[in-house]
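Hi,

Here is the structure I said I'd pass on. Have a look at it first, and my notes on what turned up are below.

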Amino acid sequence: MKRFFLYCTCIIIGFFSGCVEVEEFENSTQGNFEALWKIMDENYCFFEYKDVDWDQIYLNYKGRLNKNLSQESLFTLLCEMLSELKDGHVNLSSSFDYGRYWSWYEDFPSNYNEEITKKYLGTDYLIAGGMRYKILNDNVGYIRYTSFSSKVGETNLDYIIDRLSICSGIIIDVRENGGGYLDMADRIASRFVNEKTLVGYIQHKTGKGHNDFSEPIAKYLEPSNRLRYQKPVIVITNRHCYSATNDFVNAMTYCPNVKILGDRTGGGSGLPFSSELPNGWGVRFSACPMYNANMKHLEFGIEPDIYVELQENDILEGKDTLIEEARKLLKE
């Protein structure tokens, strides 16, 4: 039996939308393999940048196919093929498992200790939308934001900025934040810039070739017309800052009075799209490359202005090296 499926090109930031017809494939071991390879071949956006020989990968994995493969074995094989792309936005989903590539952060020091971070917030912190915040005892404001999927409203941000306006500076801790809504990244970053600022570019695929892209489309950060913060800000990052968090950190690098402290972010600058195999398994992949204002790829992360690693001796004393260094810099 054959199945006809669609690859839908709909994205939330309004550049374009529509659906592209994809050729038919058998709902079989071979058919699902061919469909997955073809979807990625025509739509994935980082083959050239990552120097991936997708044709050779096809030959390598096709040779391992067997019509008697169980569904679980086929799933494992396809996930192995996708992992060659080393992309956290590339996933294969079924009713029994979710294929993923997480080495972009698992192979690196986390520079984060949850129990110690909780000590800085204590139990008397305030909550506004998805943000927790308080004023530390040295008059430094501390904001902990763990997911850009946790929405923060404009009124939430008004209250936070007003409350922390008496502080000598603000720490925004986005470590372990794996991303979420891009509009949340822009909404928050807009509170720290005073003029329209170029922060990057985005492209979309215009054809089936690996290098078929549109001209770069400029992305600007517009200053909020509500309360904006004018004092020093330090954004704390680690390798688990990904996707929308990566986009947020990039935008903040162009804001005055802002420094990035910690480790390089995990990246994830390819805007993800989705498709489906003949057997119903879902496929997610990076389709639109995003760049910084200098047209530099952000897929492999953003370097901090100030490298700081979590030190073992500080952990033993119940201190977070990164937070302490940020506090020191803000007080200076």
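**Around His240**

His240 sits in the loop that runs between strand E13 (233-237) and helix H8 (244-252). (Helices here are DSSP runs of H or I with at least four residues, strands are DSSP runs of E with at least two, and both are numbered from the N terminus.) Before going further: this is a predicted model, so local features need pLDDT of at least 70 and side-chain atom pairs count only at pLDDT 80 or more, while totals for chains, interfaces and linings use all residues. Residues are numbered from 1 along each chain as its sequence is written, and side-chain values use heavy atoms, with hydrogens and water left out.

Back to the histidine: His240 counts as buried, at 17% relative accessibility. (Buried is under 20% relative accessible area, exposed is over 50%, and partly exposed is in between, with a 1.4 Å probe and protein chains only.) Its side chain makes a polar contact of 3.2 Å with the side chain of Glu176. (That term means a pair of N or O atoms within 3.5 Å; within protein, one must be able to donate a hydrogen and the other to accept it, and residues adjacent in sequence count only if both atoms are side-chain atoms.) Setting aside neighbours within four places in sequence, His240 is in contact, meaning heavy atoms within 4.5 Å, with Trp104, Tyr105, Glu176, Asn177 and Gly178.

E13 belongs to an open sheet of 7 strands with mixed pairing, in the order E7-E8-E9-E10-E13-E14-E17. (Two strands pair if DSSP finds at least two bridges between them.) E13 pairs with strand E14 (residues 258-262) in the parallel sense over 5 bridges, and Ile234 has Lys259 as its bridge partner in E14.

Helix H6 (residues 154-163) lies across E7, strand E8 (131-135) and strand E9 (140-145), at about 15° to E8. (Axes are lines fitted to C-alpha atoms, for helices over the stretch in contact, and angles run from 0 to 180 degrees between N-to-C directions.)

As for helix H1 (residues 29-43), 13 of its 15 residues are buried, so H1 is largely enclosed by the rest of the structure.

**Salt bridges**

There are 23 salt bridges, counting a side-chain nitrogen of Lys or Arg within 4 Å of a carboxyl oxygen of Asp or Glu. A few to look at:

- Glu114 and Lys118 form one, with the closest N and O atoms 3.8 Å apart. The two are 4 residues apart in helix H5 (residues 114-121), so about one helical turn separates them. Glu114 is partly exposed at 44%, and Lys118 is partly exposed at 42%.
- Lys134 and Asp124 form another, at 2.8 Å between the closest N and O atoms. This pair links distant parts of the chain, with Lys134 in strand E8 and Asp124 in the loop between H5 and E7, 10 residues apart. Lys134 is buried at 15%, whereas Asp124 is exposed at 54%.
- Arg264 bridges to Glu303, with the closest N and O atoms 3.5 Å apart. Arg264 is in the loop between E14 and strand E15 (270-276) and Glu303 in the loop between strand E16 (282-292) and E17, so the pair ties together parts 39 residues apart in sequence. Glu303 is partly exposed at 40%.
- Glu154, Asp158, Arg187, Arg191 and Arg226 are linked in a salt-bridge network.

Cheers
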